[in-house]
Amino acid sequence: MAPSDSVTPEQSEAIERLPARELSLLLYVSGILGVSLDLPVVFQLSIDSAIEVLGLETGSIYLVEGDELYMGAACPPLPPGFAETMRRVPLADHRHIARCIATETAVFVADTATADFTPAERAVSDARELKSILYVPLIAGDRAVGAVILGTQTRFHDFGQHDADLCRTLGHQIGLAITNARLYGDLRAANEELELHRMHLQELVEQRTHELEVTNEELDSANEELQAINEELLSTNEELGAAVQEVAHANAELEEATQAKSRFLANMSHELRTPLNSIIGFASMLQQGLAG
């Protein structure tokens with residue numbers, strides 16, 4: 001098999017050493033892993049395919065997150081009572097996984113009963129009733145991002161170089177599938193964020209449009225009120241104009257009456273002054289005793 005752009009020379013040599021049946025299984029696994037870009041589905045398909053290719057009985061995928069490991073999938077599925085503390089564990093408590101990831105090489109445990117396990121590793125081995133274990137580095141890009149843990153429960157299995165070559169190739173396939181799924185997940189998350197942003201902008205536009213419509217309605221109502229007020233003012237001005245004309249006419253009549261009164265009083269004063277002067281003169285003569 002000729003190496004592709006995503007296959008290193010070491011991987012190519014390992015692939016060329018594999019029997020035709022196992023090459024066919026790897027091609028089958030590649031097809032299976034290309035079915036979905038959903039990360040949990042890829043995890044489950046990966047571990048199911050790994051167990052099928054290697055003819056083993058149980059397995060799980062753990063990925064590194066900071067100083068911890070978290071379980072991505074298990075086959076067969078974990079029982080409901082399986083401790084949650086085993087689904088997310090400190091990396092330092094699992095030396096075999098840590099060595100597998102650090103060296104990017106497979107680690108074999110032929111007999112779990114005599115293995116130098118940490119208490120955490122012993123607890124997981126006992127809980128899953130494992131007899132032999134194979135730790136395979138999970139390579140994504142240019143680094144190990146986790147490990148595939150494969151094992152037997154009913155028999156011991158002596159893992160050899162052949163298993164290591166097959167598992168390393170399988171680990172690269174699974175790592176590539178996980179990388180694609182993560183990229184797809186990031187892209188989907190970015191698209192969802194953009195969609196939320198678009199919907200938010202649309203809501204803002206609709207809200208602003210509604211506010212403008214309400215403002216326009218208020219302005220139209222205010223304009224109608226102003227027009228009514230202007231019409232009322234015009235009517236009031238016309239009434240005031242008529243009242244001013246009436247007042248001016250009344251003032252003219254009053255002025256004319258005042259002048260007539262003044263003329264009447266002047267005439268009456270003249271008419272009364274002449275006989276009164278005669279009376280005053282005669283009265284003065286009577287007081288002086290003058291004959292006349």
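Begin by selecting C75, which counts as buried because its relative accessibility is 18%; buried means under 20% relative accessible area, exposed over 50%, and partly exposed in between, with a 1.4 Å probe and protein chains only. Next select C100, which is also buried, at a relative accessible area of 0%. The structure holds zero disulfides, a disulfide being a pair of cysteine sulfur atoms within 2.5 Å.

This is a predicted model, in which local features need pLDDT of at least 70 and side-chain atom pairs count only at pLDDT 80 or more, while totals for chains, interfaces and linings use all residues. Residues are numbered from 1 along each chain as its sequence is written, and side-chain values use heavy atoms, with hydrogens and water left out.

Now colour the chain by secondary structure.

Select residues 161-288, helix α6. Its 128 residues should span 190 Å at 1.5 Å a residue, and the end C-alpha atoms are 177 Å apart, which agrees; the expected span is 1.5 Å times one less than the number of residues. G289 follows α6 and has a positive phi, near 75 degrees.

Which residues have the most contacts inside the largest nonpolar core? They are I47, I61, L138, V148 and L150, in a core of 28 residues. Such a core is a set of buried Ala, Val, Leu, Ile, Met, Phe, Trp, Tyr and Cys residues joined through side-chain atoms within 4.5 Å. Two or more residues come from each of α3 (39-54), β1 (58-65), β2 (68-75), β5 (132-140), β6 (143-152) and α6. Apart from this core lies another, of 20 residues, with I97, I101, A144 and A147 among them.

Centre on L138. Leaving aside residues up to four places away in sequence, its contacts (heavy atoms within 4.5 Å) include I61, L63, V148, G171, I174 and I178.

Finish at T152, in strand β6. T152 is buried, with a relative accessible area of 0%. A polar atom of its side chain lies 2.5 Å from the backbone oxygen of R155. Beyond four places in sequence, T152 touches residues including L56, E57, T58, E129 and H157.

Conventions:
Helix = DSSP H or I, 4+ residues; strand = E, 2+ residues; numbered from the N terminus. Polar contact = N/O pair within 3.5 Å; in protein donor to acceptor, adjacent residues only side chain to side chain.
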